[in-house]
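Then follow the chain from pair to sheet to whole protein.

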Amino acid sequence: MDGTMGRREHAHKICLRHCQASGNWVLIVNGKYITSGSEPVFTREFDIPFDFNGKTAAIYANGSSSMYYIHTLVIDAIPIDDITKKVDV
């Protein structure tokens, strides 16, 4: 060993539960409740801003062009397009 400490990586889990029939949603980050709310089913676009590890984050919901919503996660102005890849934020 050369005496240097390796960098430990910690995975984070951001979970949005959004019932498209009722409009209710809940946001959980790393197993902890962050916030919840409800949007009328006729509201086809809305955003959920929150703090993530000291960074500005938001989930944007867009249902204007389909029967379903497309949810986009943005952290510090960087869209996270693939939740399975490693992202340095």
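Isoleucine 14 stands opposite valine 29 in β2. This is a predicted model: local features need pLDDT of at least 70, side-chain atom pairs count only at pLDDT 80 or more, and totals for chains, interfaces and linings use all residues. Residues are numbered from 1 along each chain as its sequence is written, and side-chain values use heavy atoms, without hydrogens and water.

Strands here are DSSP runs (E, at least two residues), numbered from the N terminus. Two strands pair if DSSP finds at least two bridges between them. Here are two such pairs.

| Pair | Direction | Bridges |
|---|---|---|
| β1 and β2 | antiparallel | 5 bridges |
| β2 and β3 | antiparallel | 6 bridges |

β1 covers residues 14-18 and β2 covers residues 24-29. Together they form a hairpin, with 5 residues between them. Glycine 23 sits in that turn and has a positive phi of about 90°. In the other pair, leucine 27 stands opposite threonine 35 in β3.

Now the sheet. It is open, with 3 strands in the order β1-β2-β3. β1 and β3 (32-38) are the edge strands, and each pairs on one side only. In a regular strand, side chains alternate between the two faces of the sheet.

What about the whole protein? It has 0 helices and 7 strands. Of its 89 residues, 22% count as buried (under 20% relative accessible area, 1.4 Å probe, protein chains only). The accessible surface, from the Shrake-Rupley method with a 1.4 Å probe, comes to about 6,800 Å². Carbon and sulfur atoms hold 53% of that surface.

Terms used: Helices (H or I, at least four residues) and strands (E, at least two) are DSSP runs, numbered from the N terminus. Buried means under 20% relative accessible area, exposed over 50%, partly exposed in between (1.4 Å probe, protein chains only).
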